[in-house]
Amino acid sequence: MIDRETVQNVAKLARLGLSEEEIDTFGSQLSAILGHIQILEEADVSGVSPTAHASRLTSVMREDVPEPSYPPEVLLANAPDQEDNYLKVNAILEEG
Amino acid sequence: MTELYKLSIHEAGELLRQRKLSAVELTQAHLDRIRAVDPKVKAFTLVTDELALQQAREADKRFASGENIHPLTGIPIAIKDVICTKDITTTCGSRMLEHFKPPFNATVMERLNDAGIVMVGKTNMDEFAMGSSTEHSAFFPTSNPWDLERIPGGSSGGSAAAVAAGMAMGSYGSDTGGSIRQPGSLCNVVGFKPTYGRVSRYGLVAFASSLDQIGPFARSARDAATLLQTIAGYDHRDSTCSQEPVQDYIKGLSGSIKGMRIGVPEEYWVEGTQPGVVKAVRENIDLLREMGAEISPVSLPHTKYGIAAYYIIAPAEASSNLARYDGVKYGYSYRDTTDMWESLEKTRQYGFGPEVKRRIMLGAYALSAGYYDAYYKRAEKVRTLIRNDFEQAFEHFDALVSPAAPTVAFKIGEISDPYQMYLQDVFTIPANLAGICGVSIPGGFSDGLPVGLQLLGNAFKEDVLLRIADAFEQVTDYHTRWTSAL
């Protein structure tokens, strides 16, 4: 069962703001979904190794050849805020 | 002459090469069709009419000079709005990316542009490809061309509807758990999910990276073969893209399936599948037998765990992939605060819709301390079991056959419970978990609504599925039917 506190903790981990209403609905919806997912406990997975990827490839290597990249203006064209070719964000550290 | 928008890609290509038809005329016919019926279907998030006409004029130059002519040159194509198109909005059906214009083209787009396609527009989808009805688009729901009160399936609902309604001759979508095959089934078009690694994912906005794959929609297997051929093959920019040689899919269309061994998975006859769907699929299986295929039952014993494993693995990968939407680099940004954490949390609160949030929450929960082994690791082990089921089946069979979806198209708003919606993908999810290829082809109708037949093939056996699909079309006419609802 996913209670309000668990919902709030997980939302915090995901940096996802939720409204009061969402906290309630997600709690009951996630509980219901996880209830169905419990069926996984019935599967006999002893001695089975996990599959992380459907690809039949492992550790793909290639030559590390430098290639020209995009000019900063192009990469910053979608940025919400910028200054002198830097991304602009709110202050992360308080002034001491 | 038949309406231009009803031509197949191969018929139109022939007329274009003989210069009996110009790409501009063909494109104009499709733009007219979009203008006439898209206000009802709402398949497009963006119609790129000016670009389309410009590309059509370029195509006509190619035909005039006789150079650089490809089977898709001058062909009007629609692109799911999750595939990056340089300088053209790529919204993923989300407020988060409503105004996002990628600085680059996906590898798939580069190949299509090299072939000289005409892009008529970007298509609507469930937000970040999460959904089975296209109702989770942040902008508007798309209607099923066969019944405008019903959903077209999803998440690639716009791409399926565009082809079914004659607004594009072919289209591309992405399939993470059934997002090409299920809408294909519900809209009476061919929807092909290639083997994982067959098509480059570079420039496909990531949902669940170990499952996502781009594939085509078409109104025939032959057209699907050409659409797949154009995008398949190795790309150094996607390290999961395979170097396995690509077959000549058109050459493989022999028209015969005599002696082919086709398995019918016993576990795919589940409760909740509509009787009309079961009836149509059983009739189709009888037909495949009459065509000379050897049909026998096969067991995929871990099928019942498919949805559960998927709804741990896909949300876990999504919660990680979608961490990039932070309101700093691109996309929607909440700026009405000086606090960095508040800005981040509110950006994601207002930028994402409910289904995306639900999956981020589910994934973050499954990956969090104390639950990782119980959920995520266990799901990955079950994934191995599901993959083993298929490996054993394909030792004895060339292909498997089943329904593509448990129901025909349902009404807009009819399914509100998230888990009930997840059940739409019960027959399609296992193929993504195993990384094999699958296709939904028109397989009849139930009360006037399309039923899709799913064919599953072993990894890199796309040619086998296309051959069966093409042979099936020789003895049926379902794929040739047009909706009368428009």
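This is a predicted model: local features need pLDDT of at least 70, side-chain atom pairs count only at pLDDT 80 or more; totals for chains, interfaces and linings use all residues.
Student: What makes chain A more spread out than a compact globule?

Tutor: The radius of gyration of chain A is 23 Å, whereas the globule rule gives 12 Å for 96 residues, and because the value is well over the rule, the chain is called more spread out than a compact globule. The C-alpha trace of chain A spans about 55 × 45 × 30 Å along its principal axes, and buried residues make up 14% of the 96 residues.

Student: Which elements does chain A contain, and in what order do they run?

Tutor: Chain A has 3 helices and 2 strands, and from the N terminus on they run α-α-α-β-β.

Student: How many residues of chain A are in contact with chain B, and which elements take part?

Tutor: In chain A, 42 residues are in contact with 57 residues of chain B. The elements giving two or more residues to this side of chain A are α1 (4-13), α2 (20-37) and α3 (72-76), and α2(A) gives the most, with 7 residues. By class, the side of chain A that touches chain B has 30 nonpolar, 9 polar and 3 charged residues.

Student: Why are α1(A) and α11(B) called roughly perpendicular?

Tutor: Their axes cross at roughly 95 degrees and come within 9 Å, where α11(B) covers residues 354-367. Angles from 65 to 115 degrees count as roughly perpendicular, and the two helices are therefore given that name. In this contact A:V10, A:A11 and A:L13 of α1(A) meet B:M361, B:A364 and B:Y365 of α11(B), and these residues divide into 6 nonpolar, no polar and no charged.

Student: Why are α2(B) and α3(B) described as roughly antiparallel?

Tutor: Helix α2 of chain B (residues 23-41) and helix α3 of chain B (residues 49-65) pack at an angle of about 160 degrees, with their axes 8 Å apart. An angle over 145 degrees counts as roughly antiparallel, and therefore the pair is described in this way. The crossing of α2(B) and α3(B) is right-handed.

Student: Which residues make up the contact of α2(B) with α3(B)?

Tutor: From α2(B) come B:A23, B:V24, B:T27 and B:L31, which meet B:D49, B:A52, B:L53, B:A56, B:R57, B:A59 and B:D60 in α3(B). Sorted by class, the residues of this contact are 7 nonpolar, 1 polar and 3 charged.

Student: How do you know whether B:E50 is buried or exposed?

Tutor: A residue counts as exposed if 12 or fewer other C-beta atoms lie within 10 Å of its own, and B:E50 is therefore exposed, with 9 C-beta neighbours inside 10 Å. B:E50 is found in helix α3 of chain B. The C-alpha atoms of B:E50 and B:V120 are separated by 8.9 Å, although the two residues are 70 residues apart along the chain.

Student: Which residues of α4(B) are buried, and what covers them?

Tutor: A residue is called buried if 20 or more other C-beta atoms lie within 10 Å of its own, and in helix α4 of chain B (residues 107-115) the buried residues are B:T107, B:V108, B:M109, B:R111, B:L112 and B:A115. What covers them includes β2 (76-80), β4 (170-174), β6 (214-218) and α7 (221-231) of chain B.

Technical notes: Residues are numbered from 1 along each chain as its sequence is written. Chains are lettered from A and ligands numbered from 1 in the order in which they are written. Axes are lines fitted to C-alpha atoms, for helices over the stretch in contact, and angles run from 0 to 180 degrees between N-to-C directions. Helices (H or I, at least four residues) and strands (E, at least two) are DSSP runs, numbered from the N terminus. Angles under 35 degrees count as roughly parallel, over 145 as roughly antiparallel, 65 to 115 as roughly perpendicular and the rest as oblique. A crossing is left-handed if the near helix is turned anticlockwise from the far one by less than a right angle, and right-handed if clockwise. Two residues are in contact if their C-beta atoms, placed from the backbone, lie within 7 Å. Ala, Val, Leu, Ile, Met, Phe, Trp, Tyr, Cys and Pro count as nonpolar, Asp, Glu, Lys and Arg as charged, and the others, Gly among them, as polar. The radius of gyration is taken over C-alpha atoms; the globule rule is 2.2 Å times the number of residues to the power 0.38.
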